[in-house]
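Notebook open, model loaded. I wanted to go through the charged side chains and jot down what turned up.

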Amino acid sequence: MNKEVKIPKMDFKSVGTRPIRPDGVDKVTGRARYGADLDLPGQLVGRVLRSPHAHASIKKIDTSKAEALPGVKAIVTSKDLPDAPAKAAGLEATLENCMARKKVFYDGHAVAAVAAIDAKTAKQALKLIDVEYKILKHVTDVDEAADPKAPVLHKDCLTRGVKPKPVKASNIARVSEFGHGNVKKGFKAADIVLERNFRTEQAHQGYIEPHACVASMSPDGSGELWVCTQGHFVFRQQCAQLLGLDESKLRVTSSEIGGGFGGKTHLWLEPVALALSRKANLPVKLVMTREEVFRASGPTSAASIDIKMGVTRDGTITAGEATLRYSSGPWVGSWAMLGAMTSFACYDLENVKTVGKEILVNRPKTTAYRAPSAPMAAFAVESMIDELAAQIGMDPVDLRLKNVAREGTRASYGPVYGPIGIEPSLEAAKIHPHMSAPLKENQGRGMACGFWFNFGGQACTDLNINADGSVSLTVGTIDVGGARASLSLVVAEELGIEYEKVKTVIGDSATLGYNEMTDGSRGTFASSMSAIMSARKAIDVMKQRAADTWDVPVSEVEWVDGHAVAKGRKKSNRPPLSIADIASVAEKNGGPIAGHTEMVADGAGVSFATHICDVEVDPETGQTRVVRYTVIQDAGKAVHPTYVEGQFQGGAAQGIGWALNEEYVYGDDGRLQNAGFLDYRIPVCSDLPMIDTQILEIPNPNHPYGIRGVGETSIVPPLAAIGNAVSNAFGVRMTHVPMSPPRILDALEKAELETA
Amino acid sequence: MLYQSPHTAAEAVDLLKKSKGSVHVLAGGSDLLVRMKGGFIEPDLIVDIKRIPATQQIKASKSGFIIGAAVSCAELAQNKALVKAWPGVVEAANLIGSDQIQSRCTMAGNLCNASPAADSVPALIAANAEAVIQGPKGKRVIPVAKVVTGPGKTSLKKGEFIEALKLPSGSAKSGDAYLRFIPRTEMDIAVVSAAVNLSIDAKKVVTDARVALGAVAPTALLVPAGAKALIGSKLEEEALEKLGAACAKACNPIDDKRGTIDFRVKVAKVLATRAAKAAYARAGGK
Amino acid sequence: MSMLISSTINGDTVDFICEPDETLMDALRNRVGLKGVKEGCGTGDCGACSVHLDGKLVCSCLVLGAEAEGRTVETVEGMSDGAKLHPLQTKFIEHAALQCGICTPGFLMAAQTLLENNPDPTETEIRYALAGNLCRCTGYDKIVRAVQDAAAVMRKKSK
Ligand SMILES: Cc1cc2nc3c(=O)[nH]c(=O)nc-3n(C[C@H](O)[C@H](O)[C@H](O)COP(=O)(O)OP(=O)(O)OC[C@H]3O[C@@H](n4cnc5c(N)ncnc54)[C@H](O)[C@@H]3O)c2cc1C
Ligand code: FES
Ligand code: FES
């Protein structure tokens, strides 16, 4: 916990207002520069050759014909990105994903790359590379892969996290378990026990900007990388490790980022671009096509969840148990664990047990997608709670309230909660006008809750006071959707000046100390904490300068509304000094004024949400439309409410898309069938209604302004909220996401047969 | 590769006829460029027909409409007489893609791309439309239903291209409608679709009908048994049921990323029924 | 064989060289330097590359550069009147109709076309007119509101 923080500030002047963002004009005039928008002199075009097979060993790669093609300047294969440095850094899987070694593990796995003078030549060169494969049996389905009879991806994969350690290799890479109490006893105490399997298909983050970078390596071993990323410090560290460079020699600049949602937290093609540039001794631009984004950059997991819950007639949930299998692509990740942790986090359960299993499959390596693994778990749990409520004849909101987690509750994943927002969000939902609005024919209403941890972590910021009194803030966390505005607001608040006086920029990797990614909803939480500390340090310097000017002890100087004010008897008649007054004479008084902070931002506050949704289903075709949607979520303190609303709405829209239509479709050959936006169906504008939002502000006691993260929780409830809405409209329980028209029509027909 | 944009049909035919290798006509490009981007084709020659005046006009006469092959689908909606006579055809054409695609895409391109799921094709077939083909041997006119021979395949011969599509003149007592099923509200390719074109007499009895289905077979299907079910009826429940059964029977779909066999057959019935009702209402039946 | 193409781009006569199979999007980005034209898919599905070709809204990734010969092209770079932003641009910023902003140039081009043809669109009309533009960040809510607000401003101005 941060020692300096006691009670969060409550009265704000700047924080909570809605000014215009500093990067707005650039983004509406086409000036903002994204990953693919930089051109360097002499730049080559890079292209990646990808496996057409789901699982195969590579017998031979012959690049000689491609090398002979005029205009080809470099070709790299696994040979040019050796194993040893990756091994030393524990990045073997990252490297293997960026460039296949002895085997290809999924349709789209990179096997070679070229750099050529233009796109045409690069494309031609790819065709001239000869790869000889030996096709192996593949498995893409999460449950099939977990079967002992399935083809095993890695012969040395012995399940981690189980005792005794298994001796036989399998695709179950890791098992993690959470919970407390005794679920057996809990189920015995229940009047009703329900058991079901829920499935969710693989979804992609679907950011509109494909991965892109420009790499420039010099023969002296130094290099530059321009890249759209959620964390340029992480990219620098890992790229340097993979290429065997000193971190200090690689300068990584983050471009504007065209969406990430977790997908740009991982290296996909950057080390390849650097290797190409190193070999060609020229800058190389490497941009993925949309098809490559879908085939070869990390979607989220598919999941299969067995769940069992018990309830007494009076509405006490006596036990909850879930086994959650998450597909994680060909390598182990950490996502199943998060699913197991979040499953029952909204509730105060005496007996709870969750087991998360990571299953290896021949699909692209998964990576985070906004609250990774939580939406699937919530789909299962929140669907079950609605069903239990129906069985005991209790209102679903009331059943949740009866079992809700509060301050002091021991979370199912271990810790004891501080002040949290799940109960207020349920109370708000209960009285929300949406809850009582009339429904039309073929419409149904559902609600569901969601939880996300939020993260903090390392941050480093620089705040410089300029001679004219304006303020420059440099942060190292990427701005994915308005963070620069929020951070300027926080600094304006702390310094007591106008928002317009503060300009926030993202520094490159050479200008600041290490900053973690913008992920885990940590961006604004961690950077604002660090920025506040920097502002406080700058205030200390300015107070000292004022004290020196007035010749009083610094204890007799106060900082009020952007001014140093003398409060002692001696000089209290002196007019207050503004920042400009102090900064303009800095050259005589000790030089530039700055505040610098490096810290580990601890104590990110967990966040909860309740969503309400109305759907309309065409019973003859199964087509489902969301006709009304409301998001209620705790934000701690909403620094820039408009951008908080934007996070709520964006997450909800992604959840709606996932719930209804988005899914990876694989053929029997293990190849991805729908690697494009025409058939990977993310919601279009006409698919959605306005998305109402209600921001709750339950301050996070661990942040000076009470800020929590807000970016991720909003994708957690929609799958279940929509499932519950369909169920309430037609009395059918949807257990498979996406609830696409064929699945809904099937369910409706089955229900009809049962009642007939 | 070469790009040419001839100003007359004769020039275009000449280019198409003489060239070797992979030759492609370019209209709106909304299929052709996608296939180029995906690496499915690598043209040696592209012949852009948009600068040929005959491809750019909609001509209306007593015998019907002649719609130039390069007329964009967006422009169709602006022609009031056409919308009045063939609302179903225009609707179908207007369902293609987004506004961006609408500014460019053409019905002739939709037809020649020969996708089983093409939206305008079932409507054109139901409307008894014809294709005016220019080629080395001069002009020929064939029914639209005879253009597509299989997925991605047409009956056009080397040197030929479609200059225009012909629609008969509509009558006050006839109406057409087209409906498709897509999971989203826009930007999807039809999972299944149905077009109905029918005429009624003074007593509101159907005297003539054509029913066509899309995305349920290798090419768009004309379903004569469906038409037969409607003729002589006032779209009573029984007639609609027969129509549905005929459509279900005609379906020969596949399971693919867009839908299952079972789903397609079920929804084909639903859409044919709904389209028949809409066409009947437009003909003045209701 | 490369071609020399002469077009009017954002009001200026511009000559550029391109390959016959090069898209207008690539030509605008890489030959003319108009990087406000964004590539989200290259296959007509996302609308990020939207421009006006002879006044019509098109995906520049589905047009050949060669087709622009003798035609006019407008991109987001030509939208403001000098330093004065177009009302749509102002309202997009004010309403936070962008988060990451990669989709914004395309949305602005599409919305401009909509409001030229229909100065007072309903919410449904706006949603369908913008259905060819994907945004993954905002859930569209604030985009629709920005367009509604800009339409109101533009109606007032033209009175
Ligand atoms: C985002 C997107 C959405 C789409 N949505 C739909 C949809 O909803 N429904 C649908 O049906 N289609 C859809 N399509 C496909 C496409 O837009 C349509 O098929 C369109 O009608 C094609 O017309 P075009 O003029 O653009 O064809 P082009 O791409 O110019 O040509 C298509 C093919 O026909 C040939 N050709 C074109 N004109 C002639 C001619 N006059 N004579 C001979 N050959 C010719 C070409 O050589 C090419 O092989 C979509 C495409 C995209 C990119
Ligand atoms: S890049 Fe042209 S529509 Fe996506
Ligand atoms: S703002 Fe990011 S895609 Fe629209």
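This is a predicted model: local features need pLDDT of at least 70, side-chain atom pairs count only at pLDDT 80 or more; totals for chains, interfaces and linings use all residues.

Which residue does A:Arg484 form a salt bridge with? I looked it up: the partner is A:Asp479, and the closest N and O atoms are 2.6 Å apart.

A:Arg484 has 10% relative accessibility, so I log A:Arg484 as buried. A:Asp479 comes out at 4%, so A:Asp479 goes down as buried too; the cut-off for that word is under 20%.

Next entry: chain-to-chain contacts. I found C:Lys35 in a salt bridge with A:Asp39, with 2.6 Å between the closest N and O atoms. This pair crosses between chains. On the chain C side, C:Lys35 sits in the loop between helix H1 (24–31) and strand S3 (50–53). On the chain A side, A:Asp39 sits in the loop between helix H1 (24–28) and strand S1 (44–50).

Buried or exposed, I asked myself about C:Lys35? It counts as buried, at 12% relative accessibility. A:Asp39 is partly exposed, with a relative accessible area of 41%.

Over to chain B. Here I noted a salt bridge between the side chains of B:Lys139 and B:Glu163, at 3.9 Å from N to O; the cut-off is 4 Å. B:Lys139 is in strand S7 (residues 138–143) and B:Glu163 in strand S10 (residues 161–168), so the pair ties together parts of chain B that are 24 residues apart in sequence. B:Lys139 is exposed, with a relative accessible area of 56%, whereas B:Glu163 is buried at 10%.

B:Lys173, B:Lys203, B:Lys204 and B:Lys234 form a positive surface patch.

Last, a tally and the confidence scores. How many salt bridges does the structure hold over all chains? I get 75. The predictor gives the complex an ipTM of 0.98 and a pTM of 0.97.

Key
Residues are numbered from 1 along each chain as its sequence is written. Chains are lettered from A and ligands numbered from 1 in the order in which they are written. Side-chain values use heavy atoms; hydrogens and water are left out. Patches are made of residues with over 30% relative accessible area and no salt bridge: like charges are joined within 9 Å, nonpolar side chains (Val, Leu, Ile, Met, Phe, Trp, Tyr) within 5 Å. Accessible areas come from the Shrake-Rupley method with a 1.4 Å probe; for residues, only the protein chains shown count as cover. Lys and Arg count as positive and Asp and Glu as negative; His and the chain ends are not counted. The place of a charge is taken as NZ of Lys, CZ of Arg, CG of Asp or CD of Glu. Helices (H or I, at least four residues) and strands (E, at least two) are DSSP runs, numbered from the N terminus. Buried means under 20% relative accessible area, exposed over 50%, partly exposed in between (1.4 Å probe, protein chains only).
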